[in-house]
Amino acid sequence: MTTDRSLLRHRDFRHLWAAETISQVGTQVTMLALPVIAVTLLDATPLQMGVLTALETAAFLLVGLPAGAWVDRWRRKRVLVTADLVRAAVLATLPVAYLTDLLGLGQLFVVAAVTGTATVFFDVAYQSYLPALVDPDQLVDGNGKLEASRAVAHVAGPGATGVLLRVLGAPLLIVVDAVSFLLSALFIGRIDRPDVVPDRAARRPLRTEIAEGLSFVVRHPLLRRIVACTGTANLFGAMTNALLVLYVIRTLGLSEATLGLVFSLGAVGGLLGAATAARFARRVGEGRSIPLSAVVFAAAGAFVPLAAVGAPVVLLTTGWFVLSWSTVVYNVTQVSFRQRLCPPGLLGRMNASVRFIVYGGMPLGGLLGGVLGSWLGVLPALWIATAGGLAACLPVLLSPLLTMRDLPRELDVTAAPVGSGSAG
């Protein structure tokens, strides 16, 4: 209780927390608003939607690993502010192009790629910046608050986007999105703690530093199963995301306003997940909560193609609600687990390595969704994505996690030399 009050009174942490929350919501707004623009204003095909989804996440695959090593070498505050300003500037070009009747898919593709790259650097840097701002005994509490904001943003962001789509429309919503990144940069700029650059003399070859972060992740017997589940689920989730807006608007015949309502109501599940994640983990066990929540969010994905059978609004809203709740529970539990494992000096590379694995398949999934949607049709492609999502649970479902109430400390490799973790 004392730690919680002290962090809430911690000025620099409050600014980082506010900036991170705004930036995470802005990222989710971008990832939904761009597809809506592509479908409603530019008449994009399934394949073009797949390309757009791939470009939004391609940076995780292309620069995800070196980004962690670079962030560990640079001033993190400068990385965060630069990433926010870049996203604000490039997004601002879209409403200008719309008003001058120059908006095209090519520009949308460039914006998706640039904002995705900036997001990679922001996400790696904010989780690695915390140890420079707070005391060591406040790290767990601070990481918990930052992760809760990130997890809620991932499910509540689309809901907020849905509301704003109904009120403003996609082009004006992009203006609001650009302003959100400017606000995030402003909060980070108000952090007073000096940002120290790591000693250049201590640097080693970039390849060596990247290998240490990747080795830490893949050598841990439980962590590698978790990232395998998350990465596979994200790959097939990207297939669904590539076709979702097109499916809802064209196949189901729902309006943008109804799509917004679905996301708004469904996002309540994410807020409930943030409030109940710790209680759920205590009740069923910290270890068991990971595979159980994974099965729930995989099953919830079936509500999307089932909406073609009938009652689409009810099925889509129910599916998004359950998906939002289970995703937050899963993320809060597994991210807290990996954060407590990692030595502070390896945080940037660990975070980058995890993101490379779990997000690296998303551009491939987006392209696959676009190809299958064009070849087989949108609905069959969504059923394939649902089946793949269910298969993604197997690494954690067929692992010791299902029998563990508590995640065991004896498997932690924090105290071991980097790169010498237990193999299993």
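1. Asp 192 is exposed, with a relative accessible area of 54%, where exposed means over 50%, buried under 20% and partly exposed in between, computed with a 1.4 Å probe on protein chains only. Its partner in a salt bridge is Arg 11, with 2.7 Å from N to O, and Arg 11 is partly exposed at 31%.

2. The model is a predicted one, in which local features need pLDDT of at least 70 and side-chain atom pairs count only at pLDDT 80 or more, while totals for chains, interfaces and linings use all residues. Residues are numbered from 1 along each chain as its sequence is written, and side-chain values use heavy atoms, leaving out hydrogens and water.

3. Taking a salt bridge as a side-chain nitrogen of Lys or Arg within 4 Å of a carboxyl oxygen of Asp or Glu, the count comes to 4. The pair of Arg 11, in helix H2 (residues 11-40), and Asp 192, in the loop between helix H8 (170-189) and helix H9 (206-219), links parts of the chain 181 residues apart; helices here are DSSP runs of H or I with at least four residues, numbered from the N terminus.

4. Asp 43 and Arg 250 form a salt bridge whose closest N and O atoms are 3.0 Å apart. Asp 43 lies in the loop between H2 and helix H3 (46-62) and Arg 250 in helix H10 (residues 223-251), so the pair ties together parts 207 residues apart in sequence. Asp 43 is exposed at 56%, whereas Arg 250 is partly exposed at 37%.

5. Arg 87 and Asp 84 meet in a salt bridge of 2.8 Å, N to O, and both residues are buried.

Note on methods
Helices (H or I, at least four residues) and strands (E, at least two) are DSSP runs, numbered from the N terminus.
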